[in-house]
Amino acid sequence: MTKFLVTMDSLPEVLIWEILNRVKKTSDRNSLALSCKRLHSLDKENRHFLRVGCGLDPADEALTSLCLRFPNLVRIEITYSGWMSKLGKQLDDHGLFILSNHCPSLTDLTLSYCTFITDVGLRNLTSCYKLSALKLNFTPRITGCGIFSIAVGCKNLTVLHLIRCLNVSSVEWLEYLGKLETLEDLSIRNCRAIGEGDLIKLGHSWRKLKRLQFEVDANYRYMKVYDRLAVDRWQKQWISCDDMLELSLVNCIISPGRGLACVLGKCKNLQKVHLDMCVGVRDCDIISLARESRNLRSISLRVPSDFSLPLLANNPLRLTDESLKALAENCSHLESVRISFADGEFPSLSSFSLNGILVLVHMCPVRELALDHVYSFNDMGLEALCSASYLESLELVRCQEISDEGLQLVSQFPQLQNLRLSKCLGITDDGLKPLVDAYKLKSLIVEDCPQISERGIHGAARTISFRQDLSWMY
């Protein structure tokens, strides 16, 4: 028998490319590149992503070396989470100048906790003509002027994420991007000086947006005063949002007839919506959304406490079963439903009934159901879910009307694979006994349920996660 000795040099290049592409971890990739000259050379050409941070010291010299070693970088993440002065100086504006000079293919840049970067650094990036995605997370020295320079210089910008950029107050950049009509993914979260009313400045860019995340800082609301003209623009301008696929609004005020209320009913192709602690959402808003967004696949509603409702006391604010009925009748593709009530919520005043929830689950192909602090959901609800033919994942958090009698019925759910129980007071090990050694579930997660023990759930699923922290009770 003839033996063939295969060396790395004799392998076809296409096979080596395949090997490199299958190695995902950066540390493994680095080790592989050091194993032979050919792999080292090909890795230099094939490395498109780089993540650096606290270990970059001295910052400028190290970054220059990396950029020269990997000339085809497309996506770069620079994060200084957990940084302390003893770890060396952070990357500053000159570092972004280095990126702009040595990374001609750069299209996606993320800067997190980069506290030494200013508007000057962002202006250095304007020579990165291919830059299409910029994500800033806690960059406190950057202002609206820096964002404006990016909007003007980077004409291909389609993705912009601003998270906790506390000094971005002016919104001329928003109006400029609105005129360009190139933005597809916009995320503004906890930028204190940007309010819901500023989003009108997007103008015709609304019809290009595919994804919008807008979150107001719950602990600090910058109460801007908008003139009558700005308010009228929402009412007079017919905002087309036909391309919108994902919409997430957190801690927003939804005012009747203007602002974000104008958007909810105009997203024809919306697939995913998340409304978290949004004061002012009414049944008519959800009904309008359901009738227009018939391709909706996921909805998440976290309803604010009644204590916040007097802000707009003249309006019928509380959501009822009419909203769930509209979703059931119009959204035939709905697969994921998450309903949560804030602490302090009085179910008799503002809550969906058990019947409303069950109608939605049975009329739509709901595969994932999550209920948090929903007092109306009880053992009868679990019994009704035995006929939910699509349900694969169930999460019950702070559902205190559930007992062992109802929980034992989970073993009869036809398609259930994943179960999560958290902070439920009325259930014990006895409720999970029918699941023990049955291995019906793929995964079981039990968190902070005081009457369930780790020993009691042993063998109840193929994968089990158990945590017991009862500090939430006191």
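Here are the stops, starting with a pair of helices.

First, some housekeeping: this is a predicted model, where local features need pLDDT of at least 70, side-chain atom pairs count only at pLDDT 80 or more, and totals for chains, interfaces and linings use all residues. Numbering runs from 1 along each chain as its sequence is written, and side-chain values use heavy atoms, leaving out hydrogens and water.

Select residues 59-69 and 93-102: these are helices α4 and α5, packed at an angle of about 15° with their axes 10 Å apart. (Helices are DSSP runs of H or I, at least four residues, and strands are runs of E, at least two.) That makes α4 and α5 roughly parallel, a label for angles under 35 degrees. Now show side chains: D60, L63, T64, C67 and L68 of α4 meet H94, G95, I98, L99 and H102 of α5; contact here means heavy atoms within 4.5 Å. By class, that is five nonpolar, four polar and one charged residues.

Next, pick helix α12, residues 321-330, and color its buried residues: S323, L324, A326, L327, A328 and N330. Buried means under 20% relative accessible area, with a 1.4 Å probe and protein chains only.

Last stop: S340, in strand β11 (residues 336-341). S340 is buried, at 10% relative accessible area. Beyond neighbours within four places in sequence, S340 touches L301, R302, V303 and D372.

How values were computed
Buried means under 20% relative accessible area, exposed over 50%, partly exposed in between (1.4 Å probe, protein chains only). Axes are lines fitted to C-alpha atoms, for helices over the stretch in contact, and angles run from 0 to 180 degrees between N-to-C directions. Angles under 35 degrees count as roughly parallel, over 145 as roughly antiparallel, 65 to 115 as roughly perpendicular and the rest as oblique. Ala, Val, Leu, Ile, Met, Phe, Trp, Tyr, Cys and Pro count as nonpolar, Asp, Glu, Lys and Arg as charged, and the others, Gly among them, as polar.
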